[in-house]
Amino acid sequence: MVGANLKSETMKLMEKRSGMEAEMNAIIEQLCQPGGPGLSANLVDSQGFPRADIDIPVVRAQRHRLAELKNDHEEITGKINFNIQVLHSSRLTSTLKDSGIDGGSMNQNASVVSASASASLQNLVLRDSPSANDVDMISSIPFAMVDEIADASPAVEDGLQLGDQIVKFGNVKAGDNLPQRLASEAQVNQGHPLPVIIMRQGALINLMVSPRTWQGRGLLGCHFRIM
């Protein structure tokens with residue numbers, strides 16, 4: 001019963017997080033539209049006067065709301081990850097018990113269970129089906145978001161969109177030194193198709209993106225914000 005309740009709670013949290021992501025994507029799209037103020041550009045002109053081409057109170061409110069959503073997104077993701085770790089550990093423990101391992105051996109293997117759960121936790125989401133009695137887990141928690149993208153860039157031509165969340169970029173997954181690893185992956189694969197997995201409106205999508213030179217900056221013409 002506890003496992004079922006925890007699974008139900010986790011699914012509700014994931015649904016709530018998807019709503020947050022949709023709202024974040026909508027705000028980012030509005031702020032980053034052509035001629036828009038972007039996510040961090042100055043709201044004053046070169047002479048220090050408020051820009052006349054944008055609605056400054058609205059932009060400030062949108063940026064403030066986006067900051068709130070980012071914080072809430074991190075918090076709810078932490079809760080989801082914790083619940084998944086508990087569920088996964090429970091499944092491993094149950095498997096060990098069903099295999100006839102006694103209590104002493106269970107204690108000796110506690111570190112193994114914890115390590116396995118932690119390894120599986122790095123990038124996880126839940127999938128549910130009417131006949132499922134437990135939680136199926138796959139690698140799919142994004143680690144970066146496309147928060148800027150240039151028109152006619154390689155990124156646009158190959159299918160990336162503003163607000164897309166990066167789950168896997170070539171061989172790069174979540175971890176340390178992501179900006180450097182992402183840049184290196186693009187440089188090493190310049191001119192070659194690179195498999196990219198993104199999350200868009202809660203759905204996983206596979207793309208082939210080819211980093212290449214163009215008239216703009218960089219090899220892709222977009223910017224990834226680490227989440």
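Arg65 and Glu68 stand 3 residues apart in helix H2, which means about one helical turn separates them. Their side chains meet in a salt bridge at 3.5 Å, N to O; the term stands for a side-chain nitrogen of Lys or Arg within 4 Å of a carboxyl oxygen of Asp or Glu. The model is predicted, so local features need pLDDT of at least 70 and side-chain atom pairs count only at pLDDT 80 or more, while totals for chains, interfaces and linings use all residues. Residues are numbered from 1 along each chain as its sequence is written, and side-chain values use heavy atoms, with hydrogens and water left out. Helices (H or I, at least four residues) and strands (E, at least two) are DSSP runs, numbered from the N terminus.

**Salt bridges**

- A search of the whole structure finds 8 salt bridges.
- Side chains of opposite charge can pair when their charged atoms come close.
- Arg65 also meets Glu23 in a salt bridge, at 2.8 Å from N to O. Arg65 belongs to helix H2 (residues 56-98) and Glu23 to helix H1, so this pair ties together parts that are 42 residues apart in sequence.
- Salt bridges with shared partners join Glu23, Arg65 and Glu68 into one network.
- Glu68 counts as partly exposed, at 32% relative accessibility. Arg65 is partly exposed at 31%, and Glu23 is partly exposed at 29%. In these terms, buried means under 20% relative accessible area, exposed means over 50%, and partly exposed lies in between (1.4 Å probe, protein chains only).
- Another salt bridge links the side chains of Arg17 and Glu21, at 3.9 Å from N to O. These two residues are 4 residues apart in helix H1, which means a separation of about one helical turn. Arg17 and Glu21 are both buried.

**Largest pocket**

- The largest pocket has a volume of about 530 Å³. A pocket is an open set of points on a 1 Å grid over the protein atoms alone, where a 1.4 Å probe fits, with protein on both sides within 12 Å along at least five of seven lines; lining residues have an atom within 4 Å of a point. Its volume is the space filled by probe spheres set on the points, which are joined across faces, edges and corners.
- The lining of the largest pocket is made of 18 residues, and Gly218, Leu219, Leu220, Cys222 and His223 lie nearest its centre.
- Strand S3 (144-149), helix H6 (178-188) and strand S7 (222-226) each supply at least two residues of this lining. Helix H6 gives the most, with 5 residues.
- By class, the lining of the largest pocket has 12 nonpolar, 4 polar and 2 charged residues. Here Ala, Val, Leu, Ile, Met, Phe, Trp, Tyr, Cys and Pro count as nonpolar, Asp, Glu, Lys and Arg as charged, and the others, Gly among them, as polar.

**Second largest pocket**

- The second largest pocket has a volume of about 300 Å³.
- Its lining has 16 residues, of which Cys32, Gln33, Pro34, Ile149 and Leu162 lie nearest the centre. Helix H1 (2-31) and S3 are the elements that give two or more residues to this lining.
- The lining of the second largest pocket divides into 9 nonpolar, 4 polar and 3 charged residues.

**Strand pairing**

- S3 and S4 pair in the antiparallel sense over 2 bridges; two strands pair if DSSP finds at least two bridges between them.
- Met145 has Gln165 of S4 as its bridge partner, and Gln165 in turn has Met199 of S5 as a bridge partner.
- S4 and strand S5 (residues 194-200) are paired in the antiparallel sense over 4 bridges.
- Strand S4 (residues 165-169) is mostly covered, with 4 of its 5 residues buried.

**Two loop serines**

- Ser210 sits in the loop between strand S6 (203-209) and S7. At 16% relative accessibility, Ser210 counts as buried.
- Leaving aside neighbours within four places in sequence, Ser210 is in contact (heavy atoms within 4.5 Å) with Pro154, Asp158, His192, Pro193 and Leu219. Leu219 is also one of the residues that lie nearest the centre of the largest pocket.
- Ser40 sits in the loop between H1 and H2. Ser40 is exposed, with a relative accessible area of 62%.
- The C-alpha atoms of Ser40 and Arg63 are separated by 8.3 Å, and the two residues are 23 residues apart along the chain.
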